[in-house]
Amino acid sequence: MGQDHIRYDILAQDALRGVIRKVLSEVAATGRLPGEHHFFITFLTGAPGVRISQHLKSKYPEQMTIVIQHQFWELKITETTFEIGLSFSDVPEKLFIPFNAIRGFYDPSVNFELEFDVPLADGDELPDAEITAYPVSAEKPEETPASKADGEEKKPGSVVSLDAFRKKQ
């Protein structure tokens, strides 16, 4: 097989991040989530351009999953980033997240999930452990969203894997 000079893998990831950008832009425009939709967004806390409080950074040194559901404010979208206000244990926080820092996006209301390869600065992979932060107004379910998401039976085709697009080595 020839060398991929076009880098379809990168183009595909950028296009799929555009889905997240479009969805968040629509939420920002209306100020609310449509229907029963809500989002789990996992991102690398140490990725270039990520801005979170030192408290959150020390609590979540590698990655964090935020839940956008009941209470959020000042959602702002640009071509490359989004900014959102959420509460963590009754403490309001502003998060600034580049789209290329996102490792995962999940909307459990329709079982839609996107996963991205985002290398760490040193090139190592993260362990499979997931950290979840809840907005204050979100009621904590009996099981964590991460365990619920992992425990749910996923329908074929609901996860978009980019492995098929990667260059074989």
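F39, F105 and F112 are linked into a cluster by ring pairs. The model is a predicted one.

**Aromatic cluster**
- F105 and F112 make an edge-to-face pair, with 6.5 Å between centres and 70 degrees between the planes.
- F105 has a relative accessibility of 3% and therefore counts as buried, the cut-off being under 20%.
- F112 has a relative accessible area of 29%, so this residue is partly exposed.

**The F82–F99 pair**
- The rings of F82 and F99 form a tilted aromatic pair, 5.7 Å from centre to centre, and their planes are 35 degrees apart.
- Because F82 belongs to strand β4 while F99 sits in the loop between β5 (91-98) and β6 (102-107), the pair ties together parts 17 residues apart in sequence.
- F82 and F99 are both buried.

**Charges over rings**
- The charged end of R21 is placed over the ring of F99, at 5.2 Å from the ring centre.
- R17 lies over the face of F116, and the distance to that ring centre is 4.3 Å.

**Strands β3 and β4**
- Strand β3 covers residues 73-77 and strand β4 covers residues 81-88; the two pair in the antiparallel sense over three bridges.
- Opposite E83 in β4 stands K76.

Conventions
Residues are numbered from 1 along each chain as its sequence is written. This is a predicted model: local features need pLDDT of at least 70, side-chain atom pairs count only at pLDDT 80 or more; totals for chains, interfaces and linings use all residues. Side-chain values use heavy atoms; hydrogens and water are left out. Two strands pair if DSSP finds at least two bridges between them. Helices (H or I, at least four residues) and strands (E, at least two) are DSSP runs, numbered from the N terminus. Rings of Phe, Tyr and Trp (its six-membered ring) pair if their centres lie within 6.5 Å; planes under 30 degrees apart count as stacked, over 60 as edge-to-face and the rest as tilted. Buried means under 20% relative accessible area, exposed over 50%, partly exposed in between (1.4 Å probe, protein chains only). A charge sits over a ring if NZ of Lys or CZ of Arg is within 6 Å of the ring centre and within 35 degrees of the ring normal.
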